[in-house]
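Here are some exercises to work through with the model open beside you. Try each task before reading its solution.

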Amino acid sequence: MHNPVMLAAGILGTTGASLKRAAQSGAGGVVTKSVGSAPRDGHRGPTVVQVEGGLLNAMGLPNPSYHNFQEEIDIGREGGVPVVASIFGSGPEEFVEVATGLDADGFELNLSCPHAKRYGAEIGCEACNVEEITRAVKGSVNVPVWVKLTPNVADIVGLGFAAQRGGADAVVAINTLKAMAIDVESGRPILGNRFGGLSGPAIKPVAIRCVYDLASALDIPVIGVGGVSSWQDAAEMIMAGAAGVQVGTALGQVEGYGIFGSIAEGLSSYLDRKGTTLEELRGMARRFS
Ligand code: RRO
């Protein structure tokens, strides 16, 4: 990648045109919305609500299936940066079916969606599942395989080790935090699914801590995601040990697609000003233990 700032899964990655536009706006790589083996409508609405410090979503893995997605990846590739397909399944066979059915520059295994029955965190909270699924996909494709982890566990590092044992090329931390909002007039949960996943600035300190712990323990790279909306946030992730960062919820804020360029340029001016390199910055916070 020409820079370490990527489009995160789930935001704008449903069409080739939006993947391409993110690439042309300065993203170093782009990740698609998660795709599975069969088309899904997702959860009933409302599926997204704005809350203090971010967004709460329970989209419910809506996707057209891998059978209808290759064209979007191909259009995304016209943007000139790697297109990573986020994929999900209920077990090793389904993950392998989806991965081998797509031609992408890498795969990000969604073992962390916090609100889908039989998928995501429901299986990804067990280290043995993470290891088995990672090994199965890694053995069936010849492009990098990343594993996106859930923070909704007592020990995310245990999951990171499982991904590493399974042969992952990197882990991605973190997916959204399981959360809920209630309308006080009616007493009704706002999301159609009742609970969902919290993203945005509110979760950044949790993501920083997870990246720090994972990068301190693992030998493979850690990609940081969760509440990154400025070059300072990206620098903080990198200082925690991230090899790269992904940006999601911030895209819906003022700047839109311009955010990739401003984070990448802000980071590069910071490095020039400090007379340092990304490599020197990476994991810097660990030196103060
Ligand atoms: O589609 C979703 O509801 C969703 C997914 Br796949 C995910 O990984 N994380 C999230 O917050 N929402």
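A pocket is found on a 1 Å grid over the protein atoms alone: it is an open set of points where a 1.4 Å probe fits, with protein on both sides within 12 Å along at least five of seven lines, and lining residues have an atom within 4 Å of a point. Points are joined across faces, edges and corners, and the volume is the space filled by probe spheres set on them. This is a predicted model, where local features need pLDDT of at least 70 and side-chain atom pairs count only at pLDDT 80 or more, while totals for chains, interfaces and linings use all residues. Residues are numbered from 1 along each chain as its sequence is written, and side-chain values use heavy atoms, with hydrogens and water left out.

**Exercise 1. Describe the largest pocket and its lining.**

Step 1: the space in the largest pocket comes to about 640 Å³.
Step 2: its lining has 38 residues, and Ala 9, Gly 10, Ile 11, Asn 57 and Thr 176 lie nearest the centre.
Step 3: the elements giving two or more residues to that lining are strands S4 (54-57), S6 (106-110) and S12. Strands (E, at least two residues) and helices (H or I, at least four) are DSSP runs, numbered from the N terminus.

**Exercise 2. Is Glu 131 buried or exposed, and what does Glu 131 touch?**

Step 1: find Glu 131 in helix H5 (residues 127-138).
Step 2: its relative accessible area is 17%, so Glu 131 counts as buried.
Step 3: leaving out residues up to four places away in sequence, Glu 131 touches Ala 162, Arg 165 and Gly 166; contact means heavy atoms within 4.5 Å.
Step 4: now go to Gly 196, 65 residues from Glu 131 in sequence; C-alpha to C-alpha, the two are 25 Å apart.

Technical notes. Buried < 20%, exposed > 50% of the residue type's maximum accessible area, 1.4 Å probe, protein only.
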